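User: Could you take a close look at one part of this model for me? I would like to hear about the aromatic rings.

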Amino acid sequence: RRYLDRDLNRLWTSEAVAELLNRDPALDCAEESEQRALLEIFEQERARAAEGLYLLDLHTTSGGGPPFCLMSDTLANRRLALSLRVPVMLGLEESIDGTLLEYATRRGDVAVVVEGGQHVASESVENHVAVIWHTLVAVGALDASEADGLERPAEQPRRASSGMPRFHEVRYRHPVHEGDDFRMLPGFAGLQTVTRGELLAHDRTGEIHSLESGRLLMPLYQAQGSDGFFLVRPVSGVWLSL
């Protein structure tokens, strides 16, 4: 299940973290207990790290599709994201609040989210293994010659996203609220091309159509979650350089 009491990846606002740290741990729900433990680990590691932390936030999705990376667009985040050689999504932090990515970037850590594929697909595990190896080499924790088996798993996420534009911007988020009865049409996958006006889903108000042509990101095929889907479109590398 995505969560028991609250969505852990929406609890990382400055206000929520401050409230958590200033109250009795006995009042924590399941996810807040996890968050408190993570915060303790982060502080321990920051105390040991001369140049800050590198954080990989590894996820899977209900809709599946090829692996991709999410980041807040800082130069340090961009360097790490580019080393992973999968499509990079920009601007998600402008659509949703309280993500671990947002918290880590706010603290000055280098942080990326990697969506590895569908929840129960074996390829998702392989993609995340490859990402971990790549990151250890990219940040200097390992020499490439020490990364046993790096070359074979490294090809998995690269092949899965072959031919796709490197950078995309998040253009639209479809929110889902309790009682909406949101139902994604079957058969969609992450980063699938969709056209303006295409029927994507239904809810209690009727049909939901794509507002523009682009690619579909993280279509929701599970009971829990507040994001029905996202729409993204490619961004020029020239624009990013500027």
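User: Is Y103 buried or exposed, and at what relative accessibility?

Analyst: At 4% relative accessibility, Y103 counts as buried (buried means under 20% relative accessible area, exposed over 50% and partly exposed in between, with a 1.4 Å probe and protein chains only). A word on the basis: this is a predicted model, where local features need pLDDT of at least 70, side-chain atom pairs count only at pLDDT 80 or more, and totals for chains, interfaces and linings use all residues. Residues are numbered from 1 along each chain as its sequence is written, and side-chain values use heavy atoms, with hydrogens and water left out.

Now to the rings. Searching the whole structure gives four aromatic pairs; rings of Phe, Tyr and Trp (its six-membered ring) pair if their centres lie within 6.5 Å, and planes under 30 degrees apart count as stacked, over 60 as edge-to-face and the rest as tilted. One of the pairs is W12 with F42, tilted at 45 degrees between the planes and 6.2 Å centre to centre. This pair links distant parts of the chain, 30 residues apart: W12 lies in the segment before α1 (14-21), and F42 in helix α2 (residues 30-48). Helices here are DSSP runs of H or I with at least four residues, numbered from the N terminus. Both W12 and F42 are buried.

F42 also pairs with Y103: the ring centres are 6.3 Å apart and the planes at 25 degrees, so this pair is stacked. The relative accessible area of F42 is 10%. Taken together, ring pairs link W12, F42 and Y103 into a cluster.

Key
Helices (H or I, at least four residues) and strands (E, at least two) are DSSP runs, numbered from the N terminus.
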